[in-house]
Amino acid sequence: MKNRLLKGLALAAAVSFAASLTIVPAQAANEILVWADETRGPHLAKVFAKGDDWVPGSTIKVVSFSSYDALKAALDNASGTTGPDIFVAGNDWVPALAKSGKLAPVVLTAAQKAQFSPSQFFDLSYGGKLYGVPVDINNVGMVYNTKLVKSAPKTFSAMVTYYLGNKSKLGLKSGLCIAGGGMSWGAHSVFSALGADAYLMNADGTVNYTDSFDPTVFAKNVSSLLLDKKGKSNGFFPATDTGCQDNFLAGKVPFAVIGNWHWKTFADAGFAMNIAPVPGVKAGTYGKMFGSVSGAFLTSYAEAHGVAVPAKSLLTSFFASTKGQVAYQAEEGRPPAEKGAQKSPLVTQGQKAMGAAASRSSLPQIGAFLNTNKGGASYWDSAPAYWTAVLVDGKNPLVEAKKLASIWKANVVAGKADL
């Protein structure tokens, strides 16, 4: 009786323990598991299915999630037995995932690094360590209607002069408007062209924590280029993106900022993809767009799965290579981050133009600064609020510029701890 009782208790304990476990499918030996969202996942799977031996001796399995948010939730809940070896996502996830220990550092050779811009590595780094390789560029660029404007404008004032001289004759709705990215992310290049950057970068790619943009210079440019003699908007730059795309396509706006995700809409409508940064006040200068990159990230789970070496090999042989980025972007359609892929004849004109525009003048998108509101508001809220205050409500551009500079500087200082 005693033996049967002990056996019964042992069996019950075993059943109870088994019930508490989450059963997950075992990962095959030498199988590299890649996670991506609902668009990148199928495209990656299609490329890998073509049979190129990117990592000899290993197979590649792609798991696609229903959305970008679903991918993030899965990563947040992942463990050593359920997580991926590599995932593809935006740069703004890096700080939290690095601090949680779910990312593993990546080491690239000098030759591999030379194929990318330094700001792209800044986007994918945390605490001085690199955690992924740049896959594609997430940016905007300005396009002009060649039926209205015969050559690329060299200065911001040249665009304003064209608009003011032709708005009545051509029935122009505005001169420059934002068709992609909204009045904060998409419109940063307009802020920058007029003298206001969300934060300043040093020549070596580090953040300048000492200085901020000069509100007096910025306000002077806003007053002379965007306002009339009465201090009201002259109509060149609307404070909203509503109707911008439709108006540009209809030939009622000569210049528009568009996103790299919908450039094909404009190309299919017959517009030349003369994409470039927004020209600055002085000839030869340009406004900086947010030029963030999406990356392919190595996880700490790859080591636990016994595939750290082949996973690192996939990062360099496919994700960081000209051949790999050309093959992937042929399906995905975004501007490749790798310089060799940007020049490939297999990459379309729109992709090349967007990538080239970001290479000419861009600012890394640093969520630690942009997402905080320690200055009284986040960048995302304060940026469009400035346009509304000055262009719609008629408030003093210098007073509002000083407020903006204070907010942005405080947010940068506060965000330093999260870099």
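I looked up the contacts of Arg-40, taking contact as heavy atoms within 4.5 Å, and, leaving aside neighbours within four places in sequence, I found Val-88, Val-135, Asp-136, Ser-294, Tyr-328, Glu-332 and Arg-334. I note that this is a predicted model, in which local features need pLDDT of at least 70 and side-chain atom pairs count only at pLDDT 80 or more, while totals for chains, interfaces and linings use all residues. Residues are numbered from 1 along each chain as its sequence is written, and side-chain values use heavy atoms, with hydrogens and water left out.

I placed Arg-40 in helix H2 (residues 40-48), where helices (H or I, at least four residues) and strands (E, at least two) are DSSP runs numbered from the N terminus. Arg-40 has 3% relative accessibility and therefore counts as buried, a term that means under 20% relative accessible area with a 1.4 Å probe and protein chains only, against over 50% for exposed and partly exposed in between.

I then searched the whole structure for disulfides, meaning pairs of cysteine sulfur atoms within 2.5 Å, and found one. Cys-177 and Cys-244 form it, with their sulfur atoms 2.0 Å apart. Cys-177 lies in strand E8 (residues 176-178) and Cys-244 in helix H11 (residues 244-249), so the pair ties together parts 67 residues apart in sequence. I recorded 75° about the S-S bond, a right-handed link, and both cysteines are buried.

Last, I checked Phe-266, which sits in helix H12 (residues 263-268) and counts as buried because its relative accessibility is 0%. Not counting residues up to four places away in sequence, Phe-266 touches Ala-179, Gln-245, Phe-248, Leu-249, Ile-258, Phe-271 and Met-273.
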